[in-house]
Amino acid sequence: MFTKLPLPRLFRVLRGSFKQQVRGLGLLEYHSHKLLKDFHIPVPNGITIRSPQEAKEAVSTINAPSVIKAQILAGGRGKGQYSSDGKGGVRIVKSPGDAFESASNMLGYHLKTKQTPPDGLLVEKLYIYKAVDIAHEFYVAITFDRDRNMPVLLISDAGGVNIESNPDKLERFWFHLDAGITNEITAYIQAQFGFSDSEIKAISHILNQMVKLFHEKDATLLELNPLVRTARGDFMCLDAKFDFDNSARFRQTEIFSLEEQSSEEKDEYEASKLGLSYVRLDGNIGNIVNGAGLAMATNDLVSLFGGKCANFLDVGGGATKETLSKAFDILDKDSRIKGILVNIYGGIVRCDMIAESIVAAASKKQGFRVPVIVRLQGTNCNKGLELIKQSNLENLIVEADFDAAAQRIVNLTS
């Protein structure tokens, strides 16, 4: 029961299977602390702020050395680097004036960590609480072991940033949700980590509440890092990470209402609400396609002719005028895009409906701001191409041949 997993397998347990891409809900830290508090797991009393002046007032109210933490959906903030002053996303301040200065260099700037895009993530909120006198840091998490088809509890006495360099120190305990953390597991944890009787009572409470939260809220990952023992001998969670099962959205409406996206994720989120699949790339040619295979082929052909795609946006087999209009809206807002290639193979989706949607989107905008090459093949493609030709709209170009369409959009955007 207590045997160790090989390291590669451990990472699969922690991060899940990569066979299917699923957008899971993650919470910002201040939301996580509120949820932990609701389940009687000890956390600091924090304040969320959005301006340097609010930071100054918060620390003045706390009237003690305080921790200021950037609120982004990524880990590694303490060792991250701000675009403003090169410092990290977790800072200790000793006075209201220090808080104002730190917040001025944190809010409105990008923080880059090992888990963010190369340019980092924009920080719009900070979370502040009284600094804790830490005696020891622990790592505690519950997730699913997909190989065993059951949840697993992971514990290490090398918590905080140390867990990344000490994964072999993780102890793993598999359990059933109906049984929870058994007395046998609790006894082994006490012996392994040397907790006193009073300490293991507090730890047992935290672990059982974690299981309850994990089960009731349809979580796929609940990570307390660090869970600290204070100089006074109390236990408190200073940081937490949650992931929730996206298929439980209908049951967990309150939690999913807290969902936030970074500016880099908003297009993906907007697209997903309409059943569109959006993948951001780093070029300047926008793609609207139907089907992942056609998306990859389009990307490859554009690359072959010397271009680079800014995205692919898959409208799928259930495309409607509404989804096509939204697809154009998403691409129109992307200032990187210098041209758009629409590549549709009509099967379930009729090409004439696609053409009507393109014409409607162009008319709504009084023409597209960038050249749009349209290639339609399949059901009613001739009718669709004729509709586009007759529209006489600016920047709307028909090209039936796949190679010619890809080459033309590259030439127009070079």
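N149 is exposed, with a relative accessible area of 70%. Exposed here means over 50% relative accessible area, buried means under 20%, and partly exposed lies in between (1.4 Å probe, protein chains only). N149 sits in the loop between β9 and β10 (150-156). Its phi is near 60°, a positive value in a residue other than glycine. H40 also has a phi near 60°, positive although the residue is not glycine. H40 belongs to the loop between α2 (29-38) and β2 (47-49). At 57% relative accessibility, H40 counts as exposed. A cis peptide bond runs from N225 to P226, with omega near 5°. P226 is part of strand β12 (residues 219-230). Most residues other than glycine have a negative phi, and most peptide bonds are trans.

The model is predicted: local features need pLDDT of at least 70, side-chain atom pairs count only at pLDDT 80 or more, and totals for chains, interfaces and linings use all residues. Residues are numbered from 1 along each chain as its sequence is written, and side-chain values use heavy atoms, with hydrogens and water left out.

The protein has 13 helices and 20 strands. These are DSSP runs numbered from the N terminus, with helices (H or I) of at least four residues and strands (E) of at least two. Of the 414 residues in the protein, 49% are buried. Contact is defined as heavy atoms within 4.5 Å. Among contacts between residues at least 6 apart in sequence, 71% join residues at least 24 apart.

Nonpolar cores were examined next. Such a core is a set of buried Ala, Val, Leu, Ile, Met, Phe, Trp, Tyr and Cys residues joined through side-chain atoms within 4.5 Å. The largest has 37 residues. Within it, L36, L153, I189, L207, M210 and L224 touch the most other members. Helix α6 (residues 197-216) gives the most to this core, with 8 residues. Another core, of 33 residues, lies apart from it and includes V315, V359, L376 and I388. In soluble globular proteins, nonpolar side chains tend to be buried together. Leaving aside neighbours within four places in sequence, I189 is in contact with L153, I155, F173, G194, F195, I200 and L207.

Aromatic rings were also paired. Rings of Phe, Tyr and Trp (its six-membered ring) pair if their centres lie within 6.5 Å; planes under 30 degrees apart count as stacked, over 60 as edge-to-face and the rest as tilted. The count comes to 10 aromatic pairs. In one of them, the rings of F138 and F195 have centres 5.4 Å apart and planes at 50°, so the pair is tilted. The two residues are 57 residues apart: F138 is in strand β9 (residues 134-145), and F195 is in the loop between α5 (183-193) and α6. F138 is buried at 4% relative accessibility. F195 is buried too, at 6%. F144 and F214 form a tilted pair, with 5.2 Å centre to centre and 50° between the planes. F144 lies in strand β9 and F214 in helix α6, so this pair ties together parts that are 70 residues apart in sequence. F144 is partly exposed at 31% relative accessibility, whereas F214 is buried at 2%. Ring pairs also link F138, F193, F195 and F235 into a cluster.

A polar contact is a pair of N or O atoms within 3.5 Å; within protein, one must be able to donate a hydrogen and the other to accept it, and residues adjacent in sequence count only if both atoms are side-chain atoms. E171 is in strand β11 (residues 171-174). Its relative accessible area is 9%, so E171 is buried. S198, in helix α6, is exposed at 55%.

Helix α13 (residues 402-413) has 12 residues. From first C-alpha to last it reaches 17 Å, close to the 16 Å expected at 1.5 Å a residue. The expected span is 1.5 Å times one less than the number of residues. F402, A405, A406, I409, V410 and T413 are buried in α13. Down the helix axis, these residues fall within an arc of 130°, so they line one face. The arc is that of the directions from the axis to the C-beta atoms. Their cover includes β16 (285-289), α9 (292-304), β18 (339-346) and β19 (372-378). At the start of α13, a side-chain oxygen of D401 reaches to within 3.2 Å of the backbone nitrogen of D403.
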